[in-house]
Amino acid sequence: MTDTHTTTDWRAWQDSWDRQQQWYLPDREERFSVMLDMVEALVGPKARVLDLACGTGSITDRLLKRFPEAVSTGVDLDPALLTIAGGTFAGDGRVTFVRADLKDPHWAAKLPYDSYDAVLTATALHWLHSPELAVLYGQIADLVRVGGVFMNADHMPDPATPRINAAESAQRNARARQVKSEGVLDWKEWWQLAAADPVLAGPTAERFEIYGDHADGDMPSADWHARTLRDMGFAEARTVWASPADSLVLALK
């Protein structure tokens with residue numbers, strides 16, 4: 001590890017990522033809070049958690065601040081975001097990060113545990129198309145212990161309400177433009193900053209070779225997610241939190 005790497009302010013990068021995400025998702029912290037409420041309610045504060053498509057480890061960060069006796073495995077394919085995650089949690093024995101492609105049928109074999117009390121993910125799985133996501137849900141069901149939970153907070157618009165969807169989108173975009181004028185970095189600008197950093201430049205270039213500018217996945221409704229999770233082996237599944245555009249769907253094994 002280079003001196004530049006060891007002196008990088010990883011917490012600053014973590015906070016910068018959170019601010020950029022918060023610009024797109026003003027209620028981001030609210031969904032995290034509900035997610036952790038349900039972890040506590042259903043599996044307790046000493047949970048073994050899989051932070052799925054973990055990015056910089058935003059869920060893990062909040063999990064361990066609230067539940068210091070929990071342990072977390074973060075899994076992602078993005079080398080740049082994993083570099084930030086690894087730097088942020090360096091030396092924390094409660095955290096393990098694994099690089100794996102969720103489209104690889106054998107991705108779960110790389111995990112350090114065979115089962116988890118909770119699998120958590122947010123604003124990530126819309127990068128997958130619905131058939132791929134259904135397969136992933138079956139794999140997740142195999143990882144969650146009986147009595148354990150899976151939660152996915154993501155964009156889940158209802159196709160039956162196009163006028164409501166359009167009005168919500170227009171209002172959200174107008175608010176985002178107003179906040180943007182105050183100097184908040186957007187997605188493209190944040191990645192430009194990462195590409196210019198001497199430590200993150202290499203992982204960022206690799207990241208764009210893998211993903212391009214953005215993956216072209218699906219955004220099925222919350223009802224689709226709940227139904228598919230039940231079909232794939234969960235005993236119960238329903239929405240436990242929702243905004244006008246996003247939902248948090250919880251599935252109980």
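## The sheet, its cores and a helix pair

In this predicted model, residue H155 stands opposite D246, which belongs to strand β7. The strand that pairs with β7 here is β5 (residues 144-155), and the two run antiparallel, joined by seven bridges. Along with that pair of residues, V149 stands opposite L252 in β7. The strands β6 and β7 pair in the antiparallel sense over six bridges, and they form a hairpin with three residues between them.

These strands belong to an open sheet of seven strands, whose order is β3-β2-β1-β4-β5-β7-β6 and whose pairing is mixed. The edge strands are β3 (95-99) and β6, each of which pairs on one side only. From one strand to the next, the twist averages 20°. The table sets out some of the pairings in this sheet.

| Strands | Sense | Bridges |
|---|---|---|
| β1 and β4 | parallel | three bridges |
| β4 and β5 | parallel | six bridges |
| β5 and β7 | antiparallel | seven bridges |
| β6 and β7 | antiparallel | six bridges |

How much of β4 is buried? Seven of the seven residues of β4 are buried, so this strand is largely enclosed by the rest of the structure. Strand β7 (residues 246-252) is mostly covered as well, since seven of its seven residues are buried, where buried means under 20% relative accessible area. Both faces of β7 are covered, with D246, L248, L250 and L252 buried on one side and S247, V249 and A251 buried on the other.

In soluble globular proteins, nonpolar side chains tend to be buried together. In this model, the largest nonpolar core has 31 residues, and those that touch the most other members are L50, L52, W107, L125, L136, I140 and F150. The elements giving two or more residues to this core are β1 (48-52), β4 (116-122), α6 (130-143), β5, α10 (222-231) and β7. Among these, α6 gives the most to this core, with six residues. If its neighbours within four places in sequence are left aside, F150 is in contact with L52, V119, T121, L125, Y137, I140, L229, F234, V249, L250 and A251. Apart from this core lies another, of 25 residues, and M35, A70, W241 and L252 are among them.

The last topic is a pair of helices. Two packed helices are described by the angle between their axes and the distance between the axes. Helix α5 (residues 79-88) and helix α9 (residues 201-211) pack at an angle of about 140°, and their axes are 7 Å apart. Are α5 and α9 oblique or roughly antiparallel to each other? Angles over 145 degrees count as roughly antiparallel, and the angle here is about 140°; α5 and α9 are therefore oblique to each other. On the α5 side, the residues P79, A80 and T83 meet P203, T204, E206, R207 and I210 in α9. By class, this contact of α5 with α9 has four nonpolar, two polar and two charged residues.

Notes:
Residues are numbered from 1 along each chain as its sequence is written. This is a predicted model: local features need pLDDT of at least 70, side-chain atom pairs count only at pLDDT 80 or more; totals for chains, interfaces and linings use all residues. Side-chain values use heavy atoms; hydrogens and water are left out. Axes are lines fitted to C-alpha atoms, for helices over the stretch in contact, and angles run from 0 to 180 degrees between N-to-C directions. Helices (H or I, at least four residues) and strands (E, at least two) are DSSP runs, numbered from the N terminus. Angles under 35 degrees count as roughly parallel, over 145 as roughly antiparallel, 65 to 115 as roughly perpendicular and the rest as oblique. Contact means heavy atoms within 4.5 Å. Ala, Val, Leu, Ile, Met, Phe, Trp, Tyr, Cys and Pro count as nonpolar, Asp, Glu, Lys and Arg as charged, and the others, Gly among them, as polar. Buried means under 20% relative accessible area, exposed over 50%, partly exposed in between (1.4 Å probe, protein chains only). Two strands pair if DSSP finds at least two bridges between them. A nonpolar core is a set of buried Ala, Val, Leu, Ile, Met, Phe, Trp, Tyr and Cys residues joined through side-chain atoms within 4.5 Å.
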